[in-house]
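Please look at the sequence and the structure shown here, and then follow the strands, the helices and a few side chains in turn.

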Amino acid sequence: MRITEGQVGEAAPGGTLLYPSVTSCLTVTVRLQDGGLVGAHASLFQVPGELRSDRILSALKQRTGGRAVRAVEVRGAVGAWDPSYFTRAVESYGDGEAVPFPEAPDPGGIATAVAAGLGQPRAVVTVQDVPDGDQTVS
């Protein structure tokens, strides 16, 4: 299953998720107890027609439904993301409003924000800074 910026998708047990061209983005992969994968490609800036960063976790949570979660993996440009982008997208700030800018990578804050957005315990969420490029999760 190919998941581009601003999208959510799912792979059946034994399947693979492909997140292409992860540069300033974060990917969030939910590993289900049954072996399935549900993923989201969170874009720092909204792609026209796709989900903003402050809508992506609720869409991922809805897609996951009530199924049992084994782990949640966040990967990508950790240093480019302020955890608040999951609750207020960069595009939502008006003229004259200061957009928070991360001064240092905050993997703990990102993990806490993702856990809260998905309604999962913080302990199941891991965050990893990875170089630019395609990500494949299986």
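T27 has R75 in β5 as its bridge partner. The model is a predicted one, in which local features need pLDDT of at least 70 and side-chain atom pairs count only at pLDDT 80 or more, while totals for chains, interfaces and linings use all residues. Residues are numbered from 1 along each chain as its sequence is written, and side-chain values use heavy atoms, with hydrogens and water left out.

β3 and β5 are part of an open sheet of five strands with mixed pairing, in the order β1-β4-β3-β5-β6. β1 (8-11) and β6 (125-129) stand at the edges with a single partner strand each, so one side of each has no neighbour in the sheet. From one strand to the next the twist averages 20 degrees.

Strand β4 is joined to β1 by four bridges, the two strands running antiparallel, and E10 has V38 of β4 as its bridge partner. Six bridges join β4 to β3, again in an antiparallel arrangement, with L26 standing opposite A42 in β4. The hairpin of β3 and β4 has four residues between the strands, and in this hairpin G35 takes a positive phi near 95 degrees. Why is β4 described as largely enclosed by the rest of the structure? Six of its six residues are buried, where buried means under 20% relative accessible area, with exposed over 50% and partly exposed in between (1.4 Å probe, protein chains only). L37, G39 and H41 point one way from the strand, whereas V38, A40 and A42 point the other way, and all are buried.

α1 lies across β1, β3, β4 (37-42) and β5, running at about 170 degrees to β4, and helix α2 (residues 107-118) lies across β3, β5 and β6, at about 135 degrees to β6. Axes are lines fitted to C-alpha atoms, for helices over the stretch in contact, with angles from 0 to 180 degrees between N-to-C directions, and contact means heavy atoms within 4.5 Å.

S53 is found in helix α1 (residues 53-64) and counts as buried because its relative accessibility is 3%. A polar atom of the S53 side chain lies 2.7 Å from the backbone oxygen of Y85. Apart from neighbours within four places in sequence, S53 is in contact with S43, W81, Y85, F86 and A89. Of these, W81, Y85 and F86 are linked into a cluster by ring pairs; rings of Phe, Tyr and Trp (its six-membered ring) pair if their centres lie within 6.5 Å, and planes under 30 degrees apart count as stacked, over 60 as edge-to-face and the rest as tilted. W81 and F86 form a stacked pair, 5.2 Å centre to centre with 25 degrees between the planes, and both residues are buried.

At 6% relative accessibility Q135 counts as buried, and among the residues in contact with Q135 are T27, R75 and G76.

Notes. A polar contact is a pair of N or O atoms within 3.5 Å; within protein, one must be able to donate a hydrogen and the other to accept it, and residues adjacent in sequence count only if both atoms are side-chain atoms. Two strands pair if DSSP finds at least two bridges between them.
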